[in-house]
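Let's take a friendly walk through this model. Please keep the viewer open as you read.

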Amino acid sequence: MNTFEALLLALLVLMVAVGGKQGFSNFLAVMINFLLMMLAVILMAGGFNAIGVAAVLGLVVLATTIFLSTRDGDVAQTAFVASLLVMLGMLLVIGIGVRYAHVAGFGTEDSEALEGYNLLIGVSFPHILIATALFSTLGAIAEAAVAVAAGMKTLGAAASEAGLTQMAAEIIGTALNTLFFGFFRGFAGLFLWFTQLRYPFWQVLNNQIFARELIEVLFSMIAVTLTVPFTMWIVQRRQGGRS
Amino acid sequence: MMKSYAKTILAKPWRWLLPVLSFFVVLGLTRLDAPLYHQPIVQVTAVHTGKAQKQVDNFDNHDVTHRQQVQAKFLNTARRGQVITLSNMYSGSGALDTPLRRGDQVFVERQAGRYQLKDEKRDGAVLGLLAATICLMALVMKKRVWLTFGSILANVVLLLVTLHVETTSNQKLAYVLFSLMAVLFTVVTTVFIAGIKRQAAVIAVATLGATALALALGYGLFAATGYRDLHIEAVAYVTQVPQLLFFVQIMIGSLGAVLDESNDIAVAVMQLPAGFKQRFQAGMAIGRNVMGPLIAVLFMIFMADTFTESILWLRNDNAISQTFIWVMGLGFAQALISAFGIVLAVPLTSLLAAWPKKVQA
């Protein structure tokens, strides 16, 4: 057994022990998402348009994450519709951001890792970056959409404007530490590098890798923040349509 | 009721344009900040792009390269206003290069008596997106946004101080130092979220406990399987020991998710008046609902992070299994150990939060 298999097995045992049946379906979601990510890499490397691959497989990732982690069908449906629309909106935001930022591909700090590789591979690195950024936001979009849809259902008719604003702030607050520290992990090595080589502030700010990582965090924060009011709006539309 | 939702979101629809506006305002302002830099910056005034040259490598990858003749004007230094000619080469895929367009601002560098393109100026996009994000969050979260950014800022300062201490001190203590940093991260963030209350203590203890348990379990499994196929030496941007960096990455990466989850559980459970058993079960139920999506958040971030390099590997004729082991494997292992923490935090937080309050003296 290699290390990855051992880790997966341990996760399965833990999730079933803590979550029972639901834990098992959560584990299933992790495995399906893993296969989808592998498929995405293979398709993009195989010459398919990276943005198209991200949009199509992103839809499946959202469906997997939402429907396998929520038992309430109503909540799941609302969350799925909302997150799909937010994903499309994010595609636009990410497209604009990537165009202005010039952060696709590799930076000078990557040169050691690139030694011996041919870089003229005929696949658009800006497109890969858009796909990467989109995939990194999906988990956060799904999480926030489910939380809002479930929260609105609990609050029901009792929801006041102040109550909704408080719920919005709490859900965004919850997602932010996850996102922030999740990306901070990537910064750890980079910051050690910058500190050790004494990069001045202006150089860090304009550094290709730093700018890319920071922009990806900001995309995710924007995605979560958009998901919350948007899901509220969808809930309201669905309720309006039924009564 | 329907109206009240609508009111929250649709009142003054023009305000949703504020984030977009702030992006472009900040982007515009940074186009004027060249005098603040000591490094020479030029703005592209005219571009002549040559014909595409076809490139084929020994793996049969087809690409094109273009050569650009670029006229550019200095925006700062003593040469401000002077016009120079630069040449720029870019490829269809753009791994290390980018086409220049009129209006682009770039850093240049003097080499052998001639100015050459050094790097893009990126502060506009970075600061513009930052402004847009803060603006959007302020619209949705109202006053709470300051608390959130305060906590993030405090953590950034903490990280910078730790890095400074680490690079100037004895590196044998690095593991202790970074663990201490994790403890401080947790304490600072929970105090920002919950204030100085018993609730904050519950969240902090549960977060640190779950993260420590997850790390112990992860490293136990590494040892038990003899690190088979796990190549810690492949960690990117290593200036010191890769093992240390890998450890720090797992710790930081999982901390936020575990903290958010413990917070969700503790807040809900500690409001309940019921007895220990009901409180514990309520906590477990909330935890089961949030753990799946939270694991997905980290999993997607950690895996997507490896896309660019994975695709480069695959196009350079490496097998899928090799690419997975060397490029994606580390992120995958880190995502799974973070997932351990997220799962373990559910019973741990429920237990601590449900524990009957001692009578205060």
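## Before you start

This is a predicted model, in which local features need pLDDT of at least 70 and side-chain atom pairs count only at pLDDT 80 or more, while totals for chains, interfaces and linings use all residues. Residues are numbered from 1 along each chain as its sequence is written, chains are lettered from A and ligands numbered from 1 in the order in which they are written, and side-chain values use heavy atoms, leaving out hydrogens and water.

## A hairpin in chain B

Strand β2 (residues 53-56) and strand β3 (residues 62-74) of chain B run antiparallel and are joined by four bridges. Strands here are DSSP E runs of at least two residues, helices are H or I runs of at least four, both numbered from the N terminus, and two strands pair if DSSP finds at least two bridges between them. Five residues lie between the strands of this hairpin, where B:Asp60 takes a positive phi near 65 degrees.

## Chain A at a glance

Chain A has eight helices and zero strands. Its C-alpha trace spans about 60 × 45 × 35 Å along the principal axes. Of its 243 residues, 63% count as buried, meaning under 20% relative accessible area, with exposed over 50% and partly exposed in between (1.4 Å probe, protein chains only).

Among contacts in chain A with a separation of 6 or more, 76% come from residues 24 or more positions apart; a contact means heavy atoms within 4.5 Å.

## The largest pocket

Look next at the largest pocket, which is lined by 45 residues. A pocket is an open set of points on a 1 Å grid over the protein atoms alone, where a 1.4 Å probe fits, with protein on both sides within 12 Å along at least five of seven lines; lining residues have an atom within 4 Å of a point. Nearest the centre lie A:Glu170, A:Ile171, A:Thr174, B:Asp264 and B:Ala268.

The largest share of the lining, 10 residues, comes from α6(A).

B:Ala345 is found in helix α10 (residues 320-354) of chain B. Why does B:Ala345 count as buried? Because its relative accessibility is 0%. B:Ala345 touches B:Ala210, B:Val258, B:Glu261, B:Ser262 and B:Ser350, leaving aside residues up to four places away in sequence. The C-alpha atoms of B:Ala345 and B:Met303, 42 residues apart along the chain, are separated by 23 Å.
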